[in-house]
Amino acid sequence: MKLGVLDLGSNTTKLLVAEAKSEDSFEVLLEKSSAARMNLLAQGNGKFHLSQESIDAVSEVVADLFSTAQELSVEHLTAVGTDALRLAQNQNELFEKLGQIGVKLRILSGEEEARYVSLGLLSDPVVSNQKDLVGFDLGGGSLEVIGIRNRIPTSFHSLPLGAVRMKQRFENYFNSSTEPVDFDEIEAYLSEAFAKLPKSLTDSGFPLVGSGGALVFSRKLVDSFDGRSGVASEIKLRDLIFLLERLNGLSPEERTVQFPGLPKNRADILPAGLAVVIEWMRFMKQDSLIHSFRNLRFGIAQEFFNSARA
């Protein structure tokens with residue numbers, strides 16, 4: 001059976017098409033991503049609405065990816081929304097538009113999102129030898145953190161620290177004209193958020209395994225600095241600090257020129273994402289992390305095929 005998973009994230013909408021391969025694994029037939037940032041407009045009283053422009057853009061992207069899935073003869077499609085749609089008071093408007101093209105959307109809670117991320121990370125051969133770890137996934141809207149012991153997820157946490165959110169909150173810092181000294185405010189903000197996580201997780205000393213768009217592109221850029229092939233999954237803290245210093249002295253337009261592999265929809269938010277990862281590594285007292293390409297979509301696929309075999 002072929003499965004399609006649509007992940008409607010705060011910055012990008014992604015499609016995974018997979019097929020059962022063996023008793024405990026599946027084969028990836030296609031991965032495709034399209035930029036579609038969900039802009040939330042403040043309505044007062046802490047409430048937000050998704051802009052009409054965003055609703056239209058996301059609907060168009062989903063229609064295109066849904067068509068791709070149909071061309072591959074996908075037999076079952078799962079579409080999920082995450083942080084931005086959890087917040088949007090007018091989420092039903094997007095539900096209705098997607099329903100018109102035959103896509104039924106489910107909005108995940110923060111805990112559900114973290115749980116699927118954990119399943120995705122644990123399905124990655126890169127971490128097959130890791131029994132105990134702290135997994136995390138940095139998206140546009142939120143940061144999911146998972147404690148894993150003996151390869152069993154033990155705790156799930158979702159923090160409002162996504163790259164898009166951080167960029168919007170600290171807009172004056174993440175541009176080419178701001179002095180780096182302002183990073184003290186960001187460090188304090190992030191440290192306060194991390195300190196709310198259980199001590200059993202933050203003091204565990206377990207290795208960090210991370211996923212998400214910020215790490216995908218950071219890894220590409222770091223590899224380009226030292227000529228690595230991109231096979232190695234380890235990313236060092238010092239390399240991320242160096243990359244942030246390089247990016248933060250440039251405008252988004254200059255970043256795409258100096259780093260051709262960096263797309264426009266990432267150029268403005270990557271420094272914010274890097275700031276979160278750097279402070280997270282410092283907070284966890286880790287000088288490196290293991291990068292995984294497998295997160296939410298892979299976790300959903302893993303659970304689906306496990307259930308189909310049962």
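Analyst: The discussion below moves from the overall fold to individual residues. This is a predicted model, in which local features need pLDDT of at least 70, side-chain atom pairs count only at pLDDT 80 or more, and totals for chains, interfaces and linings use all residues. Residues are numbered from 1 along each chain as its sequence is written, and side-chain values use heavy atoms, with hydrogens and water left out.

User: How many helices and strands does the protein have?

Analyst: Helices (H or I, at least four residues) and strands (E, at least two) are DSSP runs, numbered from the N terminus. Here there are 13 helices and 13 strands. The radius of gyration, taken over C-alpha atoms and judged against a globule rule of 2.2 Å times the number of residues to the power 0.38, is 19 Å; the rule gives 19 Å for 310 residues, so the protein is as compact as a globular protein of that length. Along the principal axes, the C-alpha atoms fill a box of roughly 50 × 45 × 40 Å.

User: What percentage of the residues is buried, and what share of the contacts joins residues at least 24 apart?

Analyst: A residue is buried under 20% relative accessible area, exposed over 50% and partly exposed in between (1.4 Å probe, protein chains only). Buried residues account for 52% of the 310 in this protein. Contact means heavy atoms within 4.5 Å; of the contacts between residues at least 6 apart in sequence, 67% join residues at least 24 apart.

User: How many positive and negative charges are there, and how far apart are their mean positions?

Analyst: Lys and Arg count as positive and Asp and Glu as negative, while His and the chain ends are not counted. Each charge is placed at NZ of Lys, CZ of Arg, CG of Asp or CD of Glu. The protein has 33 positive and 41 negative charges, and their mean positions are 3 Å apart.

User: How many salt bridges does the structure hold, and which parts of the chain does the pair R297 and D7 link?

Analyst: A salt bridge is a side-chain nitrogen of Lys or Arg within 4 Å of a carboxyl oxygen of Asp or Glu. The structure holds 15 of them. In one, the closest N and O atoms of R297 and D7 are 3.8 Å apart. This pair links distant parts of the chain, 290 residues apart: R297 belongs to helix α13 (residues 296-309) and D7 to strand β1 (residues 2-8). R297 is buried at 7% relative accessible area, and D7 is buried at 6%. Both also belong to a network of salt bridges that includes K14 and E31.

User: Are E187 and R282 buried or partly exposed?

Analyst: E187 is partly exposed, at 23%, and R282 is partly exposed, at 35%. Their side chains meet in a salt bridge of 3.2 Å, N to O. The bridge links helix α6 (residues 183-194), which holds E187, with helix α12 (residues 270-283), which holds R282, 95 residues apart.

User: Where does L72 lie, and which residues is it in contact with?

Analyst: L72 lies in the loop between α1 (52-71) and β6 (76-81) and is partly exposed, at 30% relative accessibility. Leaving aside neighbours within four places in sequence, L72 is in contact with K2, V17 and L30. The C-alpha atoms of L72 and F293 are separated by 22 Å, the two residues being 221 apart along the chain.
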